[in-house]
Amino acid sequence: MSAIKSFSDHTECGRLEVHLVGGFSDDRQLSQKLTHQLLSEFDKQDDDIHLVTLCVTELNDREENENHFPIIYGIAVNIKTAEIYRASFQDHGPEEQLRAARALAGGPMISIYDAKTEQLRIGPYSWTPFPHVDFWLQQDDKQILENLSTSPLAEPPHFVEHIRSTLMFLKRFPSPANILFPGNKALLYKKNEDGLWEKISPGN
């Protein structure tokens with residue numbers, strides 16, 4: 001919240017507008033719990049916050065053969081016009097496997113983008129060796145989908161391939177420390193003139 005407010009330090013009035021999109025009526029009700037947590041956190045803030053868009057849980061749910069699926073899997077925002085639209089992304093940004101490994105190893109959700117410097121700051125991360133990684137790599141697609149997904153029926157087609165790739169990464173790097181983060185320093189990326197992420201040195 002403070003990162004967002006820092007862009008409006010010169011203003012004395014105004015409001016923060018929130019758009020929540022995602023989740024669906026999953027069997028484990030994880031989306032409902034997460035939505036409740038998010039709304040509760042916003043309610044605790046002292047700032048003037050206005051909920052403008054709410055497309056979550058049952059509002060973002062479709063049913064097919066008695067199974068539930070999200071209507072919208074991803075969105076994008078045009079920051080010049082404030083237009084919000086459905087989107088899918090072929091490019092998931094720098095160090096995708098590294099970030100996925102951290103998440104699969106149990107790392108909490110964090111923001112890696114620094115809006116002030118317009119940089120991605122990745123790590124340094126640490127994790128313990130993934131339990132029974134060889135066992136999971138031997139399992140068929142059905143077992144991986146049913147055991148390593150929170151919503152097996154609603155996953156996109158590439159999910160199992162992505163999990164296998166992440167497990168291989170965790171097997172290759174059971175402890176990332178100085179191997180993936182030389183000097184235990186973060187990996188920094190900034191967009192170049194062509195709009196592509198480019199790795200930079202910490203001093204840049």
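**Exercise 1.** Among contacts in the protein chain between residues at least 6 apart in sequence, what percentage join residues at least 24 apart?

*Solution.* Start with the ground rules. This is a predicted model, where local features need pLDDT of at least 70 and side-chain atom pairs count only at pLDDT 80 or more, while totals for chains, interfaces and linings use all residues. Residues are numbered from 1 along each chain as its sequence is written, and side-chain values use heavy atoms, with hydrogens and water left out. Next, a contact means heavy atoms within 4.5 Å. Of the contacts in the protein chain between residues at least 6 apart in sequence, 60% join residues at least 24 apart.

**Exercise 2.** Describe the chain as a whole.

*Solution.* Begin with the secondary structure: the protein chain has 7 helices and 10 strands. Helices (H or I, at least four residues) and strands (E, at least two) are DSSP runs, numbered from the N terminus. Then look at the extent: along the principal axes, the C-alpha atoms fill a box of roughly 60 × 55 × 35 Å. Finally, of the 204 residues, 27% are buried, meaning under 20% relative accessible area with a 1.4 Å probe, protein chains only.

**Exercise 3.** In which order do the strands of the open sheet of 4 strands lie?

*Solution.* The order is 7-8-9-10, with antiparallel pairing; two strands pair if DSSP finds at least two bridges between them. Strand 7 (113-114) and strand 10 (197-200) are the edge strands, each pairing on one side only. Further in, 4 bridges link strand 8 (residues 119-122) with strand 9 (residues 187-191). There, Arg121 stands opposite Leu188 in strand 9.

**Exercise 4.** Explore the hairpin of strand 5 and strand 6.

*Solution.* Strand 5 (residues 75-78) and strand 6 (residues 83-86) run antiparallel, joined by 4 bridges. Val77 faces Ile84 in strand 6. Between the strands lie 4 residues, and Ala82 takes a positive phi near 70° in this hairpin.

Key. Buried means under 20% relative accessible area, exposed over 50%, partly exposed in between (1.4 Å probe, protein chains only).
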